[in-house]
Amino acid sequence: MERSYITFMLSGQIFGIDIDRAGEIAPIPEITPVGKMPPFVAGFINLRGKLILVIDTREALDLEPAPTSLNNNIISVDINGSTIGLIVDSMRDIVTVDDSQITGPPEEWEKIDIRYIAAVVRREKDLVTILDVEKIFSDKEKEIIKTSAKKLGRKKKTAPSHPEGEKEILRKRAELLSEKAAEPEAETGKGMSVVIFRMGDEDYAMDLRHVLLTEKLRYIARIPSTPDFIAGVMNLSGSILPVIDMRVLMGYKGEAKEEVPLLIVSLGGDRAALLVDEIKDIAFIPLKDIKPPLGSIAEDKKLYIQGEVIHNERIVVILKTEMLLAPERLGVSV
């Protein structure tokens, strides 16, 4: 039997929850603090017209505290019949494993209280700690979560400090998340979280589930007799990854600058590094807003394009990860 989990990073460790428990995944927006709450309650946000509590997951799990940043994400989950948001350091991916890769909670665990652990998933070199979100909170705390909606907005605490530029981005994200969908499909959270990046003067996006992390471009070893969009290979923590120059693949010219960003992506166990000009944001895109690619786009480019969407008054081209990592197109083994 196969099971699927959505995984994320917290304090340098990989955690996960059952995908059936997860709702919408969103980049962290501006959070409104609220007083007279347990310390693990960060505040509340407006998610599609509904006020929900946001939990500082590090605090709830007794992990080392850290200030939030633009890179954090929020995963909405159901706790005792109430929707709450869990703050995580960053999203990782969705894993599907069979029962042979799943073990029960350990008798001892140095990372967190074993009462919070539903299972442990073994993946190659990684161990993923699967959380039982119901057990993280005591019965009293769950009752507080369930009844606290009536108190939202009262007696605010001091909001955490962010640089002014970040505050504006957080405010814009909050406005986006608060928009109540007109279509039933979007009200149920049917959409995709994407990472948006720039190449040349255009914006592109990719399903966040396939993005593991970001790196800076450093040394790349060139490989002869490969497609021109293969910049070479790189060593990432002992693994050799092909580097795809997305600018060349999508028809842009010019040499890559030093220290430009790389997106480390994964699909079905295959990994690659995508060279882009700038990583801009993480956003939630309702499926109903995605339109087919323009007919004027060259056929060889359409192979990589899922569709287009308007985001922040700009056209964003959504790419197909499965086509980018297809071995027959890369010309190298990944």
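**View 1. Phe 8 is a buried residue of this predicted model, with a relative accessibility of 1%.** The search of the whole structure gives three aromatic pairs. In the pair formed by Phe 8 and Phe 15, the ring centres are 6.5 Å apart and the planes meet at 20°, so the pair is stacked.

**View 2. Phe 197 and Tyr 204 form a stacked aromatic pair.** The centres of the two rings are separated by 6.4 Å, with an angle of 15° between the planes. The pair counts as stacked because planes under 30 degrees apart are placed in that class. Phe 197 and Tyr 204 are both buried.

**View 3. Asn 72 sits in the loop that runs between helix H1 (57–60) and strand E6 (73–79).** The residue is buried, with 7% relative accessible area. A polar atom of the Asn 72 side chain lies 3.0 Å from the backbone oxygen of Val 88. Beyond its neighbours within four places in sequence, Asn 72 is in contact with Pro 27, Ile 28 and Pro 67, and also with Ile 87, Val 88 and Asp 89.

**View 4. Met 91 belongs to strand E8, which spans residues 90–98.** Met 91 has a relative accessible area of 7% and is buried. Ile 6 is 85 residues away from Met 91 in sequence, while the C-alpha atoms of Ile 6 and Met 91 are 8.3 Å apart in space.

Technical notes. Residues are numbered from 1 along each chain as its sequence is written. This is a predicted model: local features need pLDDT of at least 70, side-chain atom pairs count only at pLDDT 80 or more; totals for chains, interfaces and linings use all residues. Side-chain values use heavy atoms; hydrogens and water are left out. Helices (H or I, at least four residues) and strands (E, at least two) are DSSP runs, numbered from the N terminus. Buried means under 20% relative accessible area, exposed over 50%, partly exposed in between (1.4 Å probe, protein chains only). A polar contact is a pair of N or O atoms within 3.5 Å; within protein, one must be able to donate a hydrogen and the other to accept it, and residues adjacent in sequence count only if both atoms are side-chain atoms. Contact means heavy atoms within 4.5 Å. Rings of Phe, Tyr and Trp (its six-membered ring) pair if their centres lie within 6.5 Å; planes under 30 degrees apart count as stacked, over 60 as edge-to-face and the rest as tilted.
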